[in-house]
Amino acid sequence: MLRQCLMFICGLLLSTSVWAAIDTYHFSSVEQEEQYRDLTQSLRCPKCQNNSIADSSAMIAADMREKVYQLMSQGQSRQQIIDYMVARYGNFVTYEPPVTPSTLILWLGPLLFVIGGGIVIFLRANRQPTTAMLSSEEQQRLAKVMADKEQK
């Protein structure tokens with residue numbers, strides 16, 4: 001009995017791949033299918049962050065793929081579909097967010113950091129060493145130390 005229960009549990013664990021969802025969509029042309037693949041590759045999954053919705057297995061990515069298919073079936077253009085996704089999920093869903101006042105620091109930050117570092121390096125390299133003037137008493141003491149060193 002125990003052996004049968006263990007075999008049943010192992011069978012259940014090994015069959016979880018059966019539950020994986022496979023998207024099957026019917027397109028009217030090869031061009032429309034290519035446009036769908038291109039769109040799903042160019043939109044980022046909000047949950048996975050570094051995966052496109054085509055590569056992600058997250059539920060939100062599946063919903064987004066379904067919505068892309070629905071919008072394409074309605075005859076909307078690529079830009080209209082991207083605009084819809086940006087309006088719904090924000091600029092994050094595109095791999096190249098537009099330059100806006102809120103994203104300006106993301107675009108200019110690295111450049112400003114490199115320029116600032118270059119200025120600091122340039123100023124430190126061109127700085128003249130400061131020589132301190134010795135008082136007459138310190139000069140006499142230095143001369144005495146140097147003379148003692150020469151005698152030894």
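**A walk around the chain**

Guide: Let's start with contacts: among those in the chain with a separation of 6 or more, 47% are between residues 24 or more positions apart. Keep in mind that this is a predicted model.

Visitor: How many helices and strands are there in the chain?

Guide: Six helices and zero strands. Read along the sequence, the pattern is α-α-α-α-α-α.

Visitor: And what share of the chain counts as buried?

Guide: Of its 152 residues, 16% count as buried. The accessible surface comes to about 12400 Å², and 61% of that belongs to carbon and sulfur atoms.

Visitor: How far apart are Val93 and Arg44, in sequence and in space?

Guide: They are 49 residues apart in sequence, and 4.5 Å apart in space, C-alpha to C-alpha.

Visitor: What makes Thr94 buried?

Guide: Its relative accessibility is 13%, and the cut-off is under 20%, so Thr94 counts as buried. Thr94 also lies in the loop between H4 and H5. Not counting residues up to four places away, Thr94 touches Ser42, Arg44, Ile82 and Val86.

Visitor: Over to the loop between H2 and H3, where Ser56 is found. How do you know whether Ser56 is buried or exposed?

Guide: Ser56 has 5% relative accessibility, and that is under the 20% limit, so Ser56 counts as buried. Its contacts, again without residues up to four places away in sequence, are Cys45, Cys48, Asn51, Ala61 and Arg65.

Visitor: Now Met59, please. Buried or exposed, and why?

Guide: Exposed means over 50%. Met59 has a relative accessible area of 66%, so Met59 is exposed. Met59 is found in helix H3. Met59 and Lys47 are 12 residues apart in sequence and 9.0 Å apart in space, C-alpha to C-alpha.

Visitor: Which residues touch the most other members of the largest nonpolar core?

Guide: Leu43, Ile53 and Val68, out of the 17 residues in that core. Helices H2 (30-42), H3 (59-73) and H4 (78-89) each supply at least two residues of this core, and H3 gives the most, with six. Val68 touches Tyr36, Leu39, Thr40, Leu43, Ile53, Ile81 and Met85, if you skip residues up to four places away in sequence.

Visitor: How many salt bridges does a search of the whole structure find?

Guide: Two.

Visitor: What makes Arg37 and Glu33 a salt bridge?

Guide: The nitrogen has to be within 4 Å of the carboxyl oxygen. Here the N to O value is 2.6 Å, so the pair qualifies. Both residues lie in helix H2, four residues apart, about one turn of the helix. Glu33 counts as partly exposed because its relative accessibility is 27%, between the 20% and 50% limits.

Visitor: And why does the pair of Asp38 and Arg78 count?

Guide: Their side chains meet at 2.7 Å, N to O, and the limit is 4 Å, so this is a salt bridge too. The pair links distant parts of the chain, with Asp38 in helix H2 and Arg78 in helix H4, 40 residues apart. Asp38 is partly exposed because its relative accessibility is 42%, and Arg78 is partly exposed because its value is 32%.

Visitor: Where is the nonpolar patch on the surface?

Guide: Its members include Val99, Leu104, Trp107, Ile115 and Phe122, and together the patch has about 1200 Å² of accessible area. Leu104 sits in helix H5 (residues 104-125).

Visitor: Last stop, helix H6. How do you know that its span agrees with its 16 residues?

Guide: At 1.5 Å a residue, helix H6 (residues 136-151) should span 22 Å, and its end C-alpha atoms are 23 Å apart, so the two agree. H6 is hardly covered: the count of buried residues in H6 is zero.

Key
Residues numbered from 1 in each chain as written. Predicted model: local features only at pLDDT ≥ 70, side-chain atom pairs only at ≥ 80, totals over all residues. Heavy atoms only, no water. Patch = residues over 30% accessible without salt bridge, like charges linked within 9 Å, V, L, I, M, F, W, Y side chains within 5 Å. Areas by Shrake-Rupley, 256 points an atom, 1.4 Å probe, with all protein chains shown as cover. Expected span 1.5 Å × (residues − 1). Buried < 20%, exposed > 50% of the residue type's maximum accessible area, 1.4 Å probe, protein only. Core = buried A, V, L, I, M, F, W, Y, C linked by side-chain atoms within 4.5 Å. Contact = heavy atoms within 4.5 Å.
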